[in-house]
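Have the sequence and the 3D view open as you read.

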Amino acid sequence: MSESAPYLQLQNVHKHFGKTVALDDISLDVQPGEFLFLLGPSGCGKTTLLRIIAGLEDLNSGRIIQAGRDVTRLPASRRDFGIVFQSYALFPNLTVADNIAYGLKNQKLPKAQVAARVQELLSLVGLQGLDRRYPAQLSGGQQQRVALARALALSPGLLLLDEPLSALDARVRANLRGEITALQRRVGVTAIMVTHDQEEALTMADRIVVMDQGRIVQIGAPLEIYQQPATPFVADFVGQMNFLPGVVSGEGVGVIRSGAFALRVQEWHNHLPPGSPVMLAVRPEEIRVEREHAGMSNVLLTEVRAVEFMGPHYRLLLRYERAGAEEPVHLTINLPRHATAHHDLQVGAPMPVHVPADTLRVFRTPGAGK
Amino acid sequence: MKQFIAMLIAALLLVGCTAVQPGSTAQTGAADSEAAATSGEITVYTALEDDQISNYLPLFNEQYPDIKVNIVRDSTGIITARLLAEKDNPQADVVWGLAATSLLVADQQGMLEPYAPAGLDRIRPEFRDPAEPPHWVGIDTWFSAFCVNTVELEAKGLPIPTSWADLIKPEYKGLIAMPNPASSGTGFLSVSAILQMMGEEEGWAYLDKLHENMAVYTHSGSKPCRMAGAGEVAIGISFDYRAIKQRDAGEPILPVFPAEGSGWEIEANALVKKETISPAAKTFLDWAIGEDIMRLYAASFPITAAVTDVPIPEGYPEDPVAQLVANDFVTMASERENILAQWAERYDGKSEPR
Amino acid sequence: MTTQVTDERIITLPAATVRPIVTGEDWLRRSLLLLVTGFLLVGVLLPLVPLVVRSLSDQNGQFVGLENYVRYFTSPGLASSFVNSMTVATLTTLLAVGLAFGYAWSITRTCMPAKGFFRAVALLPLFVPPLAIAIGLVYLFGNKGLVTTGFFGFFEQTLGAPLAFNINLYGMNGIILGELLYCFPQAFLILTVAAALADARLYEASMALNASALRTFWTVTLPGMRYGLISAIFVCFTLAFTDFGVPKVVGGNFNVLATDIYKQVIGQQNFVMGATISIVLLAPTVIAFVIDRIAQRRQVAVLTARSVPLRPRPHRVIDTLALLYCALIAAAILIVVGTVVYASLVDVWPYKLNLTLRHFDFRNVGGGGWGAYINSLWMSFYTAVFGVIIIFTGAYIIEKSRTWPGLRHFAYFLSMVSVALPGLVIGLAYIFFFNPKSWTILGVAVPNPFAFLYGTMAILVLSNIVHFYTVSFMTGTTALKQIDGEFESVSASLRVPFYRTFARVTLPLSLPAVAEIAMYLFVNAMVTVSAVIFLYSPQIKLASVAIVNMDDAGDTAAAAAMSVLIIAACLVVRMVYTGIVHQLNRRTQAWRLP
């Protein structure tokens, strides 16, 4: 990561509503031109954090520095940002052009200059010729583009996006993802977007901040978050994940026992004593079906419980038993369509799978041990 | 008449003694009013009827064209409440034709300025506050009367009631309206007259029976008569002026003055005590008991404060004074709260009589 | 870079809050909030102080603690008055809200014809002075009433059947009937707004799930209108609980708390007891207010950005039933109002039934005649203009700003509490508060800065604005709640001051509500009696007071005639309102319709 001066710095931001802690000691640097995502389930504090960055919400303690300027105590109107909301918040009684020009007109710019800037922004978001329309006459995707144009009108240093795509249809949403990223690159504005949609974050972000219950759980590039989730929560929230309960075995370093199987993991830095309960995590696409598994390690002998046709692939729900009264373990894998010919996909059919050691992540079982 | 005067003097002397505030020295008197002001603007609070005012006031305007009179007229209860509520900064300059019992309350609160209007000597002594100068001066009396709807009674084949005793006969069940004594001075007048005439025990026993016959209690003293006039009830216990007026308006109303006698009340004038007392207010008070206006009063009231040559209006008993019961104002004033409490206990909150 | 976070979670609540810089805009917002709160303080709260003081003193002004309350609560009639008040208020609320719910539902959710007409008729009772409603009821249901006598035996002669019904008007039946007419339009106003806020998607989902109509009603319709229903119940209950106009005229011996005040204050000039009961009367409203607040806190936005407005679909049976239902209620309202008009034209009720216009010549009756009518028009005009400015500004600053939350809640509370003040109480409290040249506070005389208002048009307007504040405020708040809450945030990000957004966006979007508030204030100011009867000055006589005086003097027909004039003025204002809203909708159609 580049070590140039960050554009935006949050230092120990804390916010509570009554006795409910909304944000707990949030510190974060955002680099100039970066597209940062705040990702988390609803209620995790991501929107509150965005509003605090915008100055739309007060904070209880901490500091916010934007472009070298301490803006902690500045009201929204004295900060430098543009914002887009899920509801678009377009003024319904003003035309598209008037909506975009709303902030410009207040700058007491000459009329011609305002008009030129509006046209420029309209073409930037691909809405040329719609300037006389009212918001209600536009589609959802078009409305959101107007909101974007309006947010960029004053050329702000920071663009804030609060779930801008979640009110749109799936197809429009997919199209707009690419457009917004391209637009952000072209304008070069530093941007922070709030979303609860991990796919959105993975496809669009330079970096993702995963939040849970008012805290930052992990910060990293999309691939890093996906491949090396810091906690089971991140693992589960970002992408699909299988969790296999197990116990640290004394058979060797990095060997975990799950049911009748011993699984070796590559990454072993937890130094847990044998007998500690742990949770192994592995992505569905990392698990390989192996009919010829003799002599292979990290093999689980499972049986098919359910099969779903997903188009390009089949999703298989597999199961293997554990000792005694313990719940059987379920896992999901994706099997490409062309590979199905070689396998018996009947429910109850045996399905041996191989879990490569380098794809397994180990987490302490929450609540167990220290 | 003698009995009446004796009662009044006794009563009013007592009231006067309690009403005079120690230290409220009278600095004004008849002498001042001789040089009466002929211009200015005054506010007059009155409970006289609207049609009476429009009859009386032109006389004043004719005589004093440069004095502007602002009239605030409302029912006795509202006007009294307004007057008393404004105690800290009175708006009225003059009270004209308001129940003497209301003025006694105002006087007890030190709201009245003693003033002897010109021509006070012509006023019968029982019609004025005995203090010198008086705190209030009466102009007329009014008393309880039944408004009987002859058409309705005829339709039902019932005789016209002539006495309080008639009203409790079972055939009048559900045909009578009377004002609630807790809401209306007229109502209290009648209840207190009954209690004084019959004595406490018998009086309450009578009221119990009357309650059995009652169709509805109203919150205003004139309402029972209006209900009778519109046929809503057959008999309304109300007061004399109202009964005569509605009869004259063509309603099938026969004014009946109960044989046992009527409860009654004096209507009086007073000067309101305030920082600057307008001389025009005194002019008005002088005029309000003058000979000319007294004749106008006498045209609608059978008993006026000064004797006039106007004959007793048509429809009244020949000797109106004899109609009045012996009324002990002082006892009634002090007993009022107890009577109303007992009344409430007996007749409020019970299911509605039919 | 991977950040690991420890599991241990130390919950520390730092006391220090970062205080944002206060800008000029903030000060403008705060000033507005202060102005509105100041208005409510002077109009609502402070005038109650002398009332409270009196309730704690004896007749001579000596402090006696809670003695008056003890005396009141142990007085013989109280229990029954309280039970009566509760009964009347509960039954009225059930009937008014129930009937208005069906009416509002029919108008917003079906395709029945003549909706505009039925909407107008529903509001008609608002235009009728309370006393005129009583006249109408007496002429219909009194012992000589048209219904009671079967049109004076007309039905018996022509149809051979008596067709006469005696509903025993004087007493609880009359009170409930009168209060029903009084509360129905108010409930209807609130519920139409609530019924219009429906998300069609919920109904589609319900249909897709094959839910029965009844189940849809219970699971979608009712919950969606919950806030409106609770508000309507709150308003109706409070109005019926505190009103004394109707019980005074048709209540007979059926005592309620409001007439108890009347008896104490008007009948016996006992201000101490009147003040005590007034304070007691406030209690249920405060409780209702708290319930309303709790319900509102749990209210989630009914409409979101993705909501699809519900457009009713024609359905022959339902539309016909709805039409029948509305026609029945409208007929009932029109009959009462028609009776008032009839009463103004009949020569001598009920004995000479020939028609005449002579009652419209007010020269021979008291009350101020046509002059009073003109005064009332001006007073109502000022009430509407100043009222709408103050109330809408108040609703805006309370609903849409984040400044000084404590003060905003306080102002909200005051805005809601005014509905609990019966007019009689406002009138008396205003005399005690505004009339003295100085107040004695802890033995020290303090000059009264508001004394100059007493006896002027201003105090009449003030009392009216305060008297009708709450329902107007709720109308404004409801309208503002429908406007996207992020407009202010967007404006701030675009560095556009809030007042510009208010002028360019919020106000234009709220114009229908603004016009409605103005109309509501105007018509109520035209008809109200209870507060102004204590406050009007001899120079400013009022039409509504004239009605009371004329009726008092026995000139019922003249009183009805003046009522007809008032109804006419209100109808004209209502038509102007409809015209304005129509124009607004036409001009702004472009953005209202997708």
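Are α3(B) and α12(B) parallel, perpendicular or oblique to each other? They are oblique to each other, a label for angles that are not under 35 degrees (roughly parallel), over 145 (roughly antiparallel) or 65 to 115 (roughly perpendicular).

Before going further, please note that this is a predicted model, in which local features need pLDDT of at least 70 and side-chain atom pairs count only at pLDDT 80 or more, while totals for chains, interfaces and linings use all residues. Residues are numbered from 1 along each chain as its sequence is written, chains are lettered from A and ligands numbered from 1 in the order in which they are written, and side-chain values use heavy atoms, leaving out hydrogens and water.

**The helix pair**

In chain B, the axes of helix α3 (residues 50-63) and helix α12 (residues 279-288) come within 11 Å and cross at roughly 125°. Axes here are lines fitted to C-alpha atoms, for helices over the stretch in contact, with angles from 0 to 180 degrees between N-to-C directions. Helices are DSSP runs of H or I with at least four residues, and strands are runs of E with at least two.

On the α3(B) side, the contact (heavy atoms within 4.5 Å) is made by B:Y56, B:L57, B:L59, B:F60 and B:Q63. From α12(B) come B:T283, B:F284 and B:W287. These contact residues divide into 6 nonpolar, 2 polar and no charged.

**The cysteines**

A search of the whole structure finds 1 disulfide over all chains, a disulfide being a pair of cysteine sulfur atoms within 2.5 Å. The partners are B:C147 and B:C225, with their sulfur atoms 1.9 Å apart. B:C147 sits in strand β5 (residues 137-149) of chain B and B:C225 in helix α10 (residues 223-229) of chain B, so the pair links distant parts of the chain, 78 residues apart. The torsion about the S-S bond is about -95°, so this disulfide is left-handed.

| Cysteine | Relative accessible area |
|---|---|
| B:C147 | 0%, buried |
| B:C225 | 0%, buried |
| A:C44 | 1%, buried |
| C:C183 | 0%, buried |

C:C183 is in no disulfide; the nearest cysteine sulfur belongs to C:C236, 4.5 Å away.

**The chains**

Of the 2 pairs of chains in contact, chains B and C share the most contacts. Chain A and chain B do not touch, and their nearest C-alpha atoms are 47 Å apart.

Note on methods. Nonpolar A, V, L, I, M, F, W, Y, C, P; charged D, E, K, R; others polar. Buried < 20%, exposed > 50% of the residue type's maximum accessible area, 1.4 Å probe, protein only.
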